[in-house]
Amino acid sequence: MAPPSAMNTSTAEEKAIDDWLPITSSRNAKWWYSAFHNVTAMVGAGVLSLPFAMSELGWGPGVAAMIMSWVITLYTLWQMVEMHECVPGRRFDRYHELGQHAFGDKLGLWIVVPQQLVVEVGVCIVYMVTGGKSLKKFHDLVAPPSAPPIRTSYFIVIFGCLHLVLSQLPNFNSISGVSLAAAVMSLSYSTIAWAASLHHHNHNNGAAAGGVDYSLTAATPAGRTFNFLSALGDVAFAYAGHNVVLEIQATIPSTAERPSKGPMWRGVVLAYGVVAVCYLPVAFAGYYVFGNAVDDNVLITLERPAWLIAAANMFVVVHVVGSYQIYAMPVFDMLETFLVKKLRFKPGMPLRLIARSLYVLFTMFVAIAVPFFGGLLGFFGGFAFAPTTYFLPCIMWLSIMKPKRFGLSWCINWFCIIIGVLLSVFAPIGGLRSIIVNAQSYKFFS
């Protein structure tokens, strides 16, 4: 047993480190911060591919999948918000801390951290590509036709350089401005997407004249099945803010009388309202107007008016800037915790500058080298998105809260677990096939 003085210095040192680490450094967030952090984390640029996913699912299953995903993920998100302080006097500030509480120190770490890293690093890389591509689209729409074409790689570098600067912002509260801008943008381009679709529809005096084809595009039953599975994956992964929810909640102040779950839940409900307003109209209007002729990015299907689509692409860029930061923050936290607590580096500006810049450069390099990364995410995502979003929270709930067997809570959790496990098995199958089908068109460093 160490003498009390030694223990005090170690706890003081740990507190100093905690005050420096990004997740635990500032705990004075307002409830609406959590709302726009959640919107930014949740509404991916994936919303623009929802009409395409609908076209591979068809009306019935499509509507069912959209609404069920919304309900299930809202439920698992509620569980995480509740479990943040399920032990009096302790806060589980990070997903893996809750995992360690539920599954034991060693196992919890190994169950949660690899999945969380796959999701967060994967999302960061996809957003690098998306940011670069949207910048390029913006440039191509705005530049005169005589201008020489510029490769996507250069735009990814421009986008990456922006992040070298932004990633130095120390914690969630300091990026709340970026996050608010991103949340507003996601609402804006979603609105543009569905409003322009309907405008296109009215402009052509209702598409009924030309007839819209709602049949599934694949010729063979096997093709239809595989497309169905991969579209199911696309819809399921459109709701994946769970990887950063505890980290966001950690920034909200908490006392015994006023636990953080109150304000956090208010923020989550507001965020989910915004998510519904972003997702459902885009998915349904885009599919309603274009049927199975819709592209996997609905903004591409809407070519005119050029200025509006250019603006929407710029909005996507701003939103992706915010999202990248939100998903990078927990990674920075893990990285810095590892460097400071395990490798005993001195916490400070130089460490943060080097560690975070290396991470940004790493994601940028992968994005440039593998610009078809989004296609790969459907495959890898299935292994990590479905568990972290659909069933890990439920398993933790069963483990920690121990609800009555065959009671309502118990049944709901098992229902979510079964659906989640099916998703994490089937979605990668669909994703793998689309990789195989599209592999001919994949070019490294294109």
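## An exposed loop residue

At 62% relative accessibility, Arg344 counts as exposed. The terms work like this: buried means under 20% relative accessible area, exposed means over 50%, and partly exposed lies in between, with a 1.4 Å probe and protein chains only. Arg344 sits in the loop between α13 (306-342) and α14 (349-369). Helices here are DSSP runs of H or I with at least four residues, strands are runs of E with at least two, and both are numbered from the N terminus. Arg344 is not a glycine, yet its phi is positive, at about 60°.

This is a predicted model, in which local features need pLDDT of at least 70, side-chain atom pairs count only at pLDDT 80 or more, and totals for chains, interfaces and linings use all residues. Residues are numbered from 1 along each chain as its sequence is written, and side-chain values use heavy atoms, with hydrogens and water left out.

Phe406 is found in the loop between α15 (373-401) and α16 (408-438). Its relative accessible area is 61%, so Phe406 is exposed.

## Where α3 meets α9

Helix α3 spans residues 50-57, and helix α9 spans residues 221-236. Their axes come within 8 Å and cross at roughly 145°. Axes are lines fitted to C-alpha atoms, for helices over the stretch in contact, and angles run from 0 to 180 degrees between N-to-C directions. The crossing of α3 and α9 is left-handed. A left-handed crossing has the near helix turned anticlockwise from the far one by less than a right angle; clockwise makes it right-handed.

Which residues of α3 and α9 meet? From α3 come Leu50, Ala53, Glu56 and Leu57. From α9 come Asn227, Phe228, Ser230, Ala231, Leu232, Asp234 and Val235. The residues of this contact divide into 7 nonpolar, 2 polar and 2 charged. Ala, Val, Leu, Ile, Met, Phe, Trp, Tyr, Cys and Pro count as nonpolar; Asp, Glu, Lys and Arg count as charged; the others, Gly among them, count as polar. Contact means heavy atoms within 4.5 Å.

## Aromatic pairs

Rings of Phe, Tyr and Trp (its six-membered ring) pair if their centres lie within 6.5 Å; planes under 30 degrees apart count as stacked, over 60 as edge-to-face and the rest as tilted. By this rule the count comes to 10 aromatic pairs. One of them joins Tyr33 and Phe36: the ring centres are 5.9 Å apart and the planes stand at 35°, so the pair is tilted. Both residues lie in helix α2 (residues 31-42), 3 residues apart, about one turn of the helix. Tyr33 is partly exposed at 22% relative accessibility. Phe36 is buried at 12%.

Trp59 and Tyr287 form another tilted pair, 4.7 Å centre to centre with 45° between the planes. Trp59 lies in helix α4 (residues 59-83) and Tyr287 in helix α11 (residues 261-290), so the pair ties together parts that are 228 residues apart in sequence. Is Tyr287 buried or exposed? Tyr287 is buried, with a relative accessible area of 0%. Trp59 is partly exposed at 32%. Trp59, Phe284 and Tyr287 form one aromatic cluster.

## Charges over rings

A charge sits over a ring if NZ of Lys or CZ of Arg is within 6 Å of the ring centre and within 35 degrees of the ring normal. Arg266 lies over the face of Trp31, at 5.3 Å from the ring centre. Arg352 lies over the face of Trp20, at 4.3 Å from the ring centre.

Ser186 is found in helix α8 (residues 176-203). Ser186 is buried, with a relative accessible area of 0%. Leaving aside residues up to four places away in sequence, Ser186 touches Val39, Val43, Cys278 and His319.

Pro281 lies in helix α11 and is partly exposed at 26% relative accessibility. With the residues up to four places away in sequence not counted, Pro281 touches Trp194, Ala276 and Gly286. The C-alpha atoms of Pro281 and Ser190 are separated by 8.3 Å, although these residues are 91 residues apart along the chain. Phe426 is found in helix α16 and is partly exposed, at 38%. Its C-alpha atom is 6.2 Å from that of Leu229, 197 residues apart along the chain.
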